[in-house]
Amino acid sequence: MIHTKKLLSAVTLAGLVAASLSTVAMAQGRGGDHMGPMFDFAAMDVDADGRVTKGEVAAYRTARLTAMDTDKDGNLSAAELTAGQAEQDQKRGEKRAARMLERQDANKDGVLSLAEMTPAAGRVDKMFDRVDTDKDGAITKV
C-alpha cells in the first residue's frame with residue numbers, strides 16, 4: 001500500500017509539473033518567435049526572411065480557414081470548426097510530446113520513465129510558489 005501511495009504521489013506530482021510547465025510556457029510565449037499558443041511563426045513566415053508581415057498573417061489565416069471548410073461552401077459549420085480545432089490541438093500535442101522526449105529521455109529509449117519525468121530538486125517548489133500568487137501555501141481554483 002505504501003508503494004502504491006508513493007507511485008500515486010509521484011504521478012500526481014508529474015501531472016502538476018506538466019500542467020505548470022504548459023501554463024508557464026504559454027505565459028512566457030508572448031515574445032520572440034513564440035507569440036502565444038496559436039502563433040506558428042515558421043508556418044506564417046512564407047518567404048523565410050525571419051519576419052512575419054501583416055500580409056503573411058492574413059494569408060495564413062485565410063489558408064487555415066479555407067482548409068477547415070471541408071464542404072467548400074464558403075462557410076464554417078460547428079462541425080468544421082470543431083474538427084479544425086481538434087486538428088490544431090493534436091498537432092500541438094504531438095510537437096509538445098516530441099520536445100519532451102527530446103529533452104527528458106535520458107537513456108534515449110523512446111519513452112519517459114517516472115524517474116525521467118521527476119523534476120530536479122526544488123523545481124516543483126519554485127513552480128508551486130509561482131502559481132501560489134497569494135502565497136498562502138495553497139493553489140486555488142480561479
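Guide: With which residues is D132 in contact, once neighbours within four places in sequence are left aside? They are G137 and A138, where contact means heavy atoms within 4.5 Å. This is a predicted model, in which local features need pLDDT of at least 70 and side-chain atom pairs count only at pLDDT 80 or more, while totals for chains, interfaces and linings use all residues. Residues are numbered from 1 along each chain as its sequence is written, and side-chain values use heavy atoms, with hydrogens and water left out.

Visitor: Why is D132 said to have no salt bridge?

Guide: A salt bridge needs a side-chain nitrogen of Lys or Arg within 4 Å of a carboxyl oxygen of Asp or Glu. The nearest side chain of opposite charge, K135, is 6.0 Å away from D132, so D132 has none, although it is buried (under 20% relative accessible area).

Visitor: What makes E87 and K91 a salt bridge?

Guide: Their side chains meet at 3.1 Å, N to O, which is within the 4 Å limit and therefore qualifies. E87 and K91 are four residues apart in helix α4, and so separated by about one helical turn.

Visitor: Why is E87 called partly exposed?

Guide: Its relative accessibility is 45%; partly exposed lies between buried and exposed, the latter being over 50% (1.4 Å probe, protein chains only), so E87 falls in that class.

Key:
Lys and Arg count as positive and Asp and Glu as negative; His and the chain ends are not counted. Helices (H or I, at least four residues) and strands (E, at least two) are DSSP runs, numbered from the N terminus.
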